Amino acid sequence: MLTQKHLFQLPEDIHYLNCAYMSPLLKSVEEAGINGMQKKRNPANIKADDFFSEAATVREQFGALINCNAVQVAVIPSASYGLKTAVNNLPTGKGKFAITIGDEFPSGYYSIEGWCIENNKELIVIKAPETKDNRAEKWNEQLLESITADTVAVVMSSIHWMDGTIFNLEAIGKRCKETATVFIVDGTQSVGALPMDVSRFCIDALICAAYKWLLGPYSTGLAYFSEFFNNGKPLEETWKNRTNALDFPRLTNYTTEYKSGAGRYNMGESANFTLMPMLNTALTQIAEWNVENIQDYCSKLIAPLEQFLYANNFHIEDAGYRANHLFGFQLPPFINTQQLMGALQEKKINVSLRGNAVRISPHLYNTENDINVLMGTLSGLLQ
């Protein structure tokens, strides 16, 4: 697959290796947003069905991306919204503790921590082993061993957001199924760039903010809620989530019935006539590219950088336990962070510092030149 930089508006002199921070907009997504805004110039053009049709297509596309029925997909405004929805519907009568991973993203940690405090449960944090040898493999083993019949839920990211450590979701999901543990996954940093299968991985809830690897606009997200959640309580009570929502003249014929599947969990104003067309366009492009091709492109793109890092005493996780679209490396002791960031800024290289890792997150808009400029800058710090 060739670079797709021509489909974006990134300046030629910017080396943007930071999709895990926020993706740039595709030209087609930007155009969809402009068209959406223009549509509201004359609200007479917005029909009753427009409150539902675009979001329905978005749910179908997301369902195809993660291998689930679209009826189990909800439109959400943020990852924290989806995580809180899932955690609020955990069973309170089962188990003594919940599990998360060390340095989990705050939205996930705060959601399950608050629930544990409210329900007198212990929150167990499985921290990364304090070793560089087989670190990810040992971390996965410790996580699996910690899941027992006394576990209410495992709440974690699909890959670690700081350094791209890959967790064995299939093995974890299987263990959760064996112990009747609810498996809640934040897929924000992988879905759209790394294959995801909620059925194969036995995931009960998959939450994704859309402004990173789904290439969508900010303040949009999507969530899969399995049948386990079909009778749960939503965060808000919006008219659009009730079974009579299409009957505009009779909306005050109040009903206690929600739409089927995850329909009760859609956020209010999920129709958003600007943002939904943008997200729909982005998902269409991802499907056309194919997620496997994105991961393969990133793998080939970063191959020279991997060799450079190994050869020059930068620490990087073993390839089998590290994503290609998002990974972190640690600096040799003689290079300080301030020195690094100054050099990167001078060369207009955009990356992120997360914990003790320099996080690199390329996409199809990146080229060999971006990687070469990064390696050249790092080489200059070694002298």
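There are 17 aromatic pairs in this structure, where rings of Phe, Tyr and Trp (its six-membered ring) pair if their centres lie within 6.5 Å. This is a predicted model, so local features need pLDDT of at least 70 and side-chain atom pairs count only at pLDDT 80 or more, while totals for chains, interfaces and linings use all residues. Residues are numbered from 1 along each chain as its sequence is written, and side-chain values use heavy atoms, with hydrogens and water left out.

**Stop 1: two ring pairs**

Select Phe8 and Trp289. Their ring centres are 6.4 Å apart and the planes sit at 25 degrees, so this pair is stacked (planes under 30 degrees apart count as stacked, over 60 as edge-to-face and the rest as tilted). Phe8 is in the segment before strand E1 (15–16) and Trp289 is in helix H7 (residues 275–289), so the pair ties together parts that are 281 residues apart in sequence. Helices (H or I, at least four residues) and strands (E, at least two) are DSSP runs, numbered from the N terminus. Phe8 is buried at 4% relative accessible area, and Trp289 is buried at 4% as well. Buried means under 20% relative accessible area, exposed over 50%, partly exposed in between, with a 1.4 Å probe and protein chains only.

Now pick Phe314 and Phe329. This aromatic pair is edge-to-face, with 5.6 Å centre to centre and 90 degrees between the planes. The pair links distant parts of the chain, 15 residues apart: Phe314 is in the loop between helix H8 (291–311) and strand E9 (315–316), and Phe329 is in strand E10 (residues 327–330). Both Phe314 and Phe329 are buried.

**Stop 2**

Select Phe51, Phe52, Trp239, Phe248 and Phe273 together: they form one aromatic cluster.

Next, show Arg242 with Tyr258. The charged end of Arg242 sits over the Tyr258 ring, 4.2 Å from its centre. The test asks for NZ of Lys or CZ of Arg within 6 Å of the ring centre and within 35 degrees of the ring normal. Arg322 also has its charged end over a ring, that of Phe327, 5.7 Å from the centre.

**Stop 3: helix against helix**

Switch to cartoon and find H3 (residues 79–88) and H4 (residues 106–118). Their axes come within 9 Å and cross at roughly 25 degrees; axes are lines fitted to C-alpha atoms, for helices over the stretch in contact, and angles run from 0 to 180 degrees between N-to-C directions. That makes H3 roughly parallel to H4 (under 35 degrees; over 145 is roughly antiparallel, 65 to 115 roughly perpendicular and the rest oblique). Residues making the contact include Leu83 and Val87 of H3 and Ile112 and Trp115 of H4, where contact means heavy atoms within 4.5 Å.

Then go to H9 (residues 337–346) and H10 (residues 368–382), whose axes come within 10 Å and cross at roughly 140 degrees. H9 and H10 are therefore oblique to each other. Among the residues in contact are Leu340 and Leu344 of H9, plus Leu374 and Leu381 of H10.

**Stop 4: two single residues**

Centre on Val185 in strand E6 (residues 182–186). Val185 is buried, at 0% relative accessible area. Beyond its neighbours within four places in sequence, Val185 is in contact with residues including Met156, Ile203 and Leu206.

Finish at Asn324, in the loop between E9 and E10. Asn324 is buried, with a relative accessible area of 17%. Leaving aside neighbours within four places in sequence, Asn324 is in contact with Gln295, Cys298, Ser299, Ile302 and Pro362.
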